Every structure is written in C-alpha cells, then in structure tokens.
Amino acid sequence: MAVKTKAKEEKRPLHRAKMNIKKGDTVLVIAGKDRGKQGTVVKALPQLNKVIVEGVNLVKRHQKPQGQLRQGGIIEKALPIHVSNTMLICTECGQPTRVAHERRPMGADQKLRPVRICKKCGKVIADRTRSA
C-alpha cells in the first residue's frame, strides 16, 4: 500500500512580524543575484515576510494561451524576495537606511500617529500609500 504524501504546505509564522517596508516604497536590494538594484515595492506580503519589487528577481515563465483572454508565450514576471534582503531608501536624504518608529502629532487634529523615522537624517519617511 502506497503512502500518500501531502502537498508542500506554506510555512506560516506563529506570530506576525511588523514589516518596515510598505507598498510604494523605494528599496535597495542588499543581497542576492540582484544586489545593488533599486526599485519600487509593487506588493507587500507580510504573512510571508516578502515583497515584490518592480524590475527585481525577474524570471521567465512559459504560459499557455487562455482562450481569448490571455496570449501565450514567454513572459517575464517578478517573484517575491525576502524583506531582509532589501533596505528602505529615505524620501528626504535619498540614502538606504534603517527605520525607527515613533508616535508624533499629525493631521488637523494633532492626534498621535505612528510614523517611520530615517535613522540617518532623523526625518519622517513619507508614506506614499496614505494621503495626508
């Protein structure tokens, strides 16, 4: 009697770690085959601790045509890379930096809100996803 093997399941962490990098941030790749490249984060995957960066970690996929919806052929696709292999580029000083978190009064009501701070210049890193 053959033993059935389960499909490879994705390992999920027991607790969700806070990621310092968000969608829309400009990052520098610091490790891997694309080391030294810069790009914009297209998608953040906090459950997997990964990000998809535009123009980085590109692979070619052979795709069959799906009726009239999608053409077949060889397409280039960006795959996720681990967030520890990227470094955030500050919006103020333009250098790769580590990130601090603080609560500062912001907005019209001056309510304390969490913001990201550049460790090199000490200024607030602009949040491109939030409009304020």
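## Strand S3 and its neighbours

In strand S6, His 82 is the bridge partner of Lys 50, and the two strands S3 and S6 (residues 81-82) run antiparallel, joined by 2 bridges. Strands here are DSSP runs of E with at least two residues, numbered from the N terminus, and two of them count as paired if DSSP finds at least two bridges between them. The model is predicted, with pLDDT of at least 70 needed for local features and 80 or more for side-chain atom pairs, while totals for chains, interfaces and linings use all residues. Residues are numbered from 1 along each chain as its sequence is written, and side-chain values use heavy atoms, leaving out hydrogens and water.

Lys 50 of S3 is also the bridge partner of Leu 45, within the antiparallel pairing of S2 (residues 38-45) with S3 (residues 50-53), which extends over 4 bridges. These two strands form a hairpin with 4 residues between them, and in the turn Asn 49 has a positive phi of about 60°.

## The open sheet

S6, S3 and S2 belong to an open sheet of 6 strands, whose order is S6-S3-S2-S1-S7-S8 and whose pairing is antiparallel. Its edge strands are S6 and S8 (96-97), each of which pairs on one side only. Further along that order, S1 (residues 26-29) pairs with S7 (residues 86-89) in the antiparallel sense over 3 bridges, with Leu 88 of S7 as the bridge partner of Val 27.

## The second largest pocket

The second largest pocket holds about 170 Å³ of space, a volume being the space filled by probe spheres set on grid points that are joined across faces, edges and corners. A pocket is an open set of points on a 1 Å grid over the protein atoms alone, where a 1.4 Å probe fits and protein lies on both sides within 12 Å along at least five of seven lines; lining residues have an atom within 4 Å of a point.

Among the lining residues are Lys 18, Met 19, Thr 86, Met 87, Leu 88 and Arg 98, and S7 gives the most to this lining, with 3 residues. By class, the lining has 6 nonpolar, 4 polar and 2 charged residues, where Ala, Val, Leu, Ile, Met, Phe, Trp, Tyr, Cys and Pro count as nonpolar, Asp, Glu, Lys and Arg as charged, and the others, including Gly, as polar.

## The chain as a whole

The chain has 10 strands and 0 helices. Of its 132 residues, 23% are buried, meaning under 20% relative accessible area with a 1.4 Å probe and protein chains only.

How values were computed: Buried < 20%, exposed > 50% of the residue type's maximum accessible area, 1.4 Å probe, protein only.
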